[in-house]
Amino acid sequence: MTGERVKNKTMFIRAVTAMLITALVFVAAACGGGGGGSSSDGPSITVSSKKFTEQILLGEMYAQAFEDEGYNVERKLDLGSEQVMDKSLQDGTIDVYPEYTGTAYVAILKKPPESYPKSAEETYRQVAKFYKNRKDTPMQMLEPAPFENNYGIVMLSKEANERGIENLDDLAAQSDELVFSSYSEFQNRSDGYKNMQDSYPELDFKDIKIVNDLGIRYKALAEGEADVGIGFTTDGQLASPELKVIEDNKDIWPKYYPAPVITQEFLDKNPDAKKILNEVSASLDADKMRELNGAVDLEQEDPEDVAQGHLEDAGIIE
């Protein structure tokens, strides 16, 4: 009887050991230890964006929308200027990024201020035509989102109202008493400060302070270190009644509507990409974009979480 018990116990131990080994093999395979990886079998795409909050949010929304449709997404967000983005599209480093119609018109097509179209539709038409017909790397600018993000010349509402400043002519007339908080790119772009001075000849600020961080420019206004600042009309900060955007009464800037720019080669291989991106663009308006930008810039939320929350609310992802 004793020998039989030993034999049964040995068989039991061997069986349990075999089960444990089998289980470990499955766990290792599930963790990628077998070399299979965790990516899906869907197509791959590299999504990118420029270096500010709205761009990062738009890029993140594109990325999550593609992932929801089974794409393998590589993110290269916060990458660089429009020139860097355009070159990256041409050399195949990225497949898609959000661009503004007016920015493309000025910085990619290199059109002068006197040629700026007066309508959003004409701006988009000319830019989309350029991308489609370029000989080096054909691209498409897809449908723009239904909102504009233009330059916003900003003052504290109290000071602007006390000075009776409503538009840029009013501002130009008093500019020699005021300090302007700007940033490097605005001072150097053809549609930026030079365009303002050419259009409003009286404009001559007492001092110009270069502050490249958007949040610090708003802080400089709040703390009285500057009287006038340059922001963007979908900044979350502009939801505050304490800030006032000074009217551009001569309509000196082109129209800046955000739209995905994507290579034709990628679209030819993945025709569903157009529907995915257009759905994201159509889900946004100026108020919503200002709210999303504010969640990141003012409430310090993670852009990934903010993008996900919007896409879920809009029914684009589950």
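I began with helix α2 (53–68) and helix α12 (residues 272–282), which pack at about 130 degrees with axes 10 Å apart. Axes are lines fitted to C-alpha atoms over the stretch in contact, and angles run from 0 to 180 degrees between N-to-C directions. Helices are DSSP runs (H or I, at least four residues) numbered from the N terminus. α2 and α12 are therefore oblique to each other; angles under 35 degrees count as roughly parallel, over 145 as roughly antiparallel, 65 to 115 as roughly perpendicular and the rest as oblique.

I noted the contact residues (heavy atoms within 4.5 Å): Met 61, Tyr 62, Ala 65 and Phe 66 of α2 meet Ala 273, Ile 276, Leu 277 and Val 280 of α12. I count eight nonpolar, no polar and no charged residues there; Ala, Val, Leu, Ile, Met, Phe, Trp, Tyr, Cys and Pro are nonpolar, Asp, Glu, Lys and Arg charged, and the others, Gly among them, polar.

The model is predicted: local features need pLDDT of at least 70, side-chain atom pairs 80 or more, and totals for chains, interfaces and linings use all residues. Residues are numbered from 1 along each chain as its sequence is written, and side-chain values use heavy atoms, without hydrogens and water.

Next I looked up α2 and α13, which pack at about 105 degrees with axes 10 Å apart. That makes α2 roughly perpendicular to α13. From α2, Thr 53, Glu 54, Leu 57, Leu 58 and Met 61 make the contact, and α13 supplies Met 289, Leu 292, Asn 293, Val 296 and Asp 297. By class I have six nonpolar, two polar and two charged residues.

Key: Helices (H or I, at least four residues) and strands (E, at least two) are DSSP runs, numbered from the N terminus.
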